[in-house]
Amino acid sequence: MIEELLINQSPVQAIVVIAAVCALGLAMGKIKVFGISLGIAFVFFVGILAGHVGLRVNTDMLNWAETFGLVLFVYALGLHVGPNFFGSLKHEGLPMNIWGFALIVVGTVLAMVLTLFLPVSIPDMVGLLCGATTNTPALGAAQQALKQLGEPAESLALGTAVTYPLGVLGVILSILFMRKLFVKPRDLEVHVNDDAQTYVGQYVVKNPAVVGKTVGELSNIAHFRFVISRVWRDDKVIVPGTSTPLVKDDSLMVISQKEDVDATRVLFGEQVKTDWNREKIDWNGIDAEVVSRVIVLTRVVLNGRRLSSLHLRDSYGVNVSRVIRGDVKLLATPDLILRYGDRLTVVGHKEDVDHAEAFIGNAVKTLKEPNLGSIFFGMILGLILGAVSLSIPGMSAPVHLGIAGGPVIMGILVGALGPRLRFISYTTRSASLMLRKMGLSLYLACLGLAAGGKFFDTVVRPEGLMWIGIGFVLTVVPTVIVGLVMLRTRKMDFGTICGILCGSMANPMALGYVNETIEGDTPSISYATVYPVDMFLRVIIAQAIIMCFV
């Protein structure tokens, strides 16, 4: 029986071997040595060891599992960061991509300099660079360019195979090195854009210019956005509508952006010092007549609709003060496009809120079942996108986004734009994490099993150790240099910096380690922000080096 499960190649044997490598790697990844653990990246090294001791899986099955795991991981990653991707790209995307490009330049220049002092040809160095940056699409582009020049391309792939494992580990070690010696607690604090955060304040109408104007008129003339959820007047509480006029000494509950607090105070005249932004406020205990309830949008027909098109204020007499999407609190502006799974904070009289709840859905149980059909369909679209040939002037061969680039871009597009097209892409946080971790585990296990058989034989070749050393230098030196410079600028938190480093080095394995050791989504967001552009640039640079210097 043991022979059937571990040795004789079959579908069952493939599942057993890959599952065993994943299980053992994930278990050993939790072991800490001097306070350091490799996390999910340990699956890769268990796979190498398994391949070295003779465990073999049918090549077609191994390739299928490796491809499926990578596609699942990058698509789920894109889907996860998609809703906040373009907001991040708008505010910080350009600086992130500039830093990613700086990392590419440093690594490429270092590789070219090393060819002047070491007995390594340009094609071999390109292969070492592709492995050091774990960028197989660049390897494919370089091989194609060599074949068109009539030159052999075998050494390219061999160089990549030798340096790839330490390319994976090198980024992780660089991050560990910086965190242990240079990162301070304040560097781990997330720098969040103020315009993505709401502020709840209480104001008193003292400004004569405001008195007598309706809420709708005031919203039209103000240069910033706000929502008035309650009005206290003569010991009574009012749920205001657009036609509700404001009276002198009215006390208002106003939700605005953090950056607009001073403008809101000037607009109404006076701010009450009560802190309405602290945790654990009993909103239903403030007034006996008005309740506040968080209602989850689960009606499919409302996905992608603008908040104003729901007419909640006119139809039900309620106000939506905030919309919580993931971990971000959004101001409930009329033009806000709602997404399936958004949590709406609805304020009004109990009966009115009940009616609004029935309209919005609030079927929380349905959220526990991810729409797997849309996930598989999105993966198909991602693979189609990755297969599209992109012709670039001056390049002899077309460029492809590949099985990593296409799905991650498609995941971002579906996550960000799906609601506009009535495409249900909602996935619970736990389900998204499970999909990403399962996909990455499969990919790492298969990658290790494929490399393990010939890895140690290659290492003991005369040039093997030198190649490994070069690859390690090409991984660690640029990563540490650029990482420390970013860290010293104090403009980004360490999680964001790690995501940029992992994305520019095309290293999803290192990203998996970072996500396990740093809280928050900033590593994944910055990774997805720089990965498509930097992966594309590395493909072009690899071809350009071959065409210009060979």
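Visitor: What should I know before I start?
Guide: The model is predicted, so local features need pLDDT of at least 70, side-chain atom pairs count only at pLDDT 80 or more, and totals for chains, interfaces and linings use all residues. Residues are numbered from 1 along each chain as its sequence is written, and side-chain values use heavy atoms, with hydrogens and water left out.

Visitor: How do H2 and H3 cross?
Guide: The axes of helix H2 (residues 11-28) and helix H3 (residues 42-52) come within 8 Å and cross at roughly 130 degrees. Axes are lines fitted to C-alpha atoms, for helices over the stretch in contact, and angles run from 0 to 180 degrees between N-to-C directions. Helices (H or I, at least four residues) and strands (E, at least two) are DSSP runs, numbered from the N terminus.

Visitor: What does that angle make H2 to H3?
Guide: H2 is oblique to H3. Angles under 35 degrees count as roughly parallel, over 145 as roughly antiparallel, 65 to 115 as roughly perpendicular and the rest as oblique.

Visitor: Which residues of H2 and H3 make the contact?
Guide: Val21, Cys22, Leu24, Gly25, Leu26 and Met28 of H2 and Phe42, Val43, Val46, Gly47 and Ala50 of H3. Contact means heavy atoms within 4.5 Å.

Visitor: New topic. What is the strand order in the sheet?
Guide: Five strands form an open sheet in the order E3-E2-E4-E1-E5, with antiparallel pairing. Two strands pair if DSSP finds at least two bridges between them. The edge strands are E3 (236-238) and E5 (269-272), each pairing on one side only.

Visitor: How many bridges join E1 and E5?
Guide: Strand E1 (residues 198-205) pairs with E5 over four bridges. Valine 205 stands opposite glycine 269 in E5.

Visitor: Now threonine 475. Buried or exposed?
Guide: Threonine 475 counts as buried, at 0% relative accessibility. Buried means under 20% relative accessible area, exposed over 50%, partly exposed in between (1.4 Å probe, protein chains only). Threonine 475 is found in helix H15 (residues 464-489).

Visitor: What is threonine 475 in contact with?
Guide: Leaving aside neighbours within four places in sequence, Ala132, Leu166, Gly167, Gly170, Val171 and Met505. The C-alpha atoms of threonine 475 and methionine 505 are separated by 8.2 Å, and these residues are 30 residues apart along the chain.

Visitor: And how do H15 and H16 cross?
Guide: The axes of H15 and helix H16 (residues 494-504) come within 10 Å and cross at roughly 150 degrees. That makes H15 roughly antiparallel to H16.
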